[in-house]
Amino acid sequence: MATIARENIDALNVALTVTVAKEDYLADFQKELKRYRQQASLKGFRKGNIPMSVVRKMFGRSILAEVVNKELQDEMSKFLYDEDAAIDFLGQPIPSEDQDEFEFSVTNLVDYVFKFDLGLAPQFELQGLGNEETLEKLVVEPAGDKLDEELMNLRRRFGVSEEVDDAVAERDIITLKAVELDGDAPKEDGINNEFTLFIENITDDARAAFLGKRIGDSAVLDVFNLEATTTVDLVRKYLLGLAEDDDREISEAFSLTIDKISRHTLAELNEDFFKQAFGEGDVSSEKEALAKIQEDYHGYFKGQTNALLFRSAQEFLMEKNTLEFPETFLKRWLVTSNEKNTPENVEAGFEGFVKGLQWTLIREKLIKQFELDVKAEEVRASFAQQVMGYFGGQQPEWLGEEMISGMVDRMMKEEKNVRDKFDELMNDKLSVRLQEEFTLTDKVVSPEELQEIVAKIQAENEAQNLFLDEEE
């Protein structure tokens, strides 16, 4: 068994010397040589009868290197992850700059000595908890007229459309009988069709022709200039009812006669409307309806406001718990652990990397101190909720529990998916628990002000993007 000697350089750096003696690897080396001899195929020799001298000459060096390296890795892993003597390290051990190179000679088996540098995590006691600090909690309040506007939209949504014997007004829907003209007379074999128009979607010319008019009134208009936003193809297909392969030439002028007028009536502020819009028993008056809309606003922005509060708590705790890191080691490790990294981009992104590392260590202590845990069934439940989100949060009749479970099973097979979901749920729990450690004061902002705050933070994050790649 290889031996490992530890030398503490300082509080953040350790030198490890690993000695893999000849007796540590000799038996495995000889075993691997025999296995190669039995399995290797070489021209001129029957399989399994290659002379051992040939096997040693052709494959010995690579076999020796593989066996020694395995012994090294096994013992290093035991040393680093031994629960009884766990080392709180950062990154992974990297070869020391004065490490000797080995030839792995099969004719001269020797002891191999490997030297590694290792960075240690800083040791600290958490500071800043215990309701001594006040943090602002953003509360999104829309303007009063916005609440009225939302209530009006709900009344429109749950209102009814019915035919009226009245003059055309804004927001009405009119059914028109269209006759293609040739000059002032109907065109021979011309188009006769019926279609509807929404007054709020038509052009100014069409609005002037129809507003205030009644059933039976007519106007001659350019059929391709009725709707404010449309195309020739859409007019031919939906207003004139032509097939796609019907390429006949169409006159622009049509006689358009109002055949029906439909009007959407606002839902009355009564029990039926409140039940449809807000659910059974939740709302029974206009005042309660406005309060419910305001509450829904708070819920709609809750994710963003909670994320901002969590960010404020993070920044405060990082300020209270300043940590020192083995910077020289970490920079070397980042370069050696990923071929995409260079000393230049590591230097450029190092400040952001260290900030992320600082929060990771603080987060680990918080989770341990608060005794937080995320169970497997919570991960599954969150994945199931995610699946439901694909269908608007509702479960279609054809989407049975067995199908949902199968989709969740596939998600759970992806290690990265599970790890990301675990972190998401843990951060949710940590965010809720951290709120108990601070005195919170509400700060009212408008939706527009909240978006400005979010946009500013996003811009800052983009400016501080890491310039380096980290290993998974």
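Counting up the ring pairs gives 15 aromatic pairs, where a pair means rings of Phe, Tyr or Trp (its six-membered ring) with centres within 6.5 Å. Planes under 30 degrees apart make a pair stacked, over 60 edge-to-face, and the rest tilted. The model behind this count is predicted, so local features need pLDDT of at least 70 and side-chain atom pairs count only at pLDDT 80 or more, while totals for chains, interfaces and linings use all residues. Residues are numbered from 1 along each chain as its sequence is written, and side-chain values use heavy atoms, with hydrogens and water left out.

One of the pairs is Phe102 with Tyr112, an edge-to-face arrangement at 5.2 Å centre to centre with 85° between the planes. Phe102 lies in the loop between β3 (89–95) and β4, and Tyr112 sits in strand β4, so this pair ties together parts 10 residues apart in sequence. Helices (H or I, at least four residues) and strands (E, at least two) are DSSP runs here, numbered from the N terminus. Phe102 counts as partly exposed because its relative accessibility is 25%, and Tyr112 counts as buried because its value is 3%. Buried stands for under 20% relative accessible area, exposed for over 50%, and partly exposed for in between (1.4 Å probe, protein chains only).

Phe158 and Phe273 also pair edge-to-face, with 6.3 Å centre to centre and 70° between the planes. Here distant parts of the chain are linked: Phe158 is in the loop between α3 (144–157) and β6 (160–163), and Phe273 is in helix α6 (residues 271–278), 115 residues apart. Phe158, at 21% relative accessibility, counts as partly exposed, whereas Phe273, at 1%, counts as buried.

Angles run from 0 to 180 degrees between N-to-C directions, and axes are lines fitted to C-alpha atoms, for helices over the stretch in contact.

Six bridges connect β1 (residues 3–8) with β2 (residues 13–20), and a hairpin of four residues leads from β1 to β2. Across this pairing, Glu7 stands opposite Ala15 in β2. β2 pairs in turn with β4 (residues 112–120) over eight bridges, where Val14 has Leu118 of β4 as its bridge partner. β3 and β4 are joined by four bridges, and Phe89 stands opposite Leu120 in β4. Contact means heavy atoms within 4.5 Å.

Elsewhere, helices α11 (residues 376–389) and α12 (residues 401–413) pack at about 115°, their axes 9 Å apart. Residues making this contact include Val379, Phe383 and Val387 of α11 and Ile404, Val408 and Met411 of α12. Sorted by class, the contact has 10 nonpolar, two polar and two charged residues. Ala, Val, Leu, Ile, Met, Phe, Trp, Tyr, Cys and Pro count as nonpolar, Asp, Glu, Lys and Arg as charged, and the others, Gly among them, as polar.

How values were computed
Two strands pair if DSSP finds at least two bridges between them.
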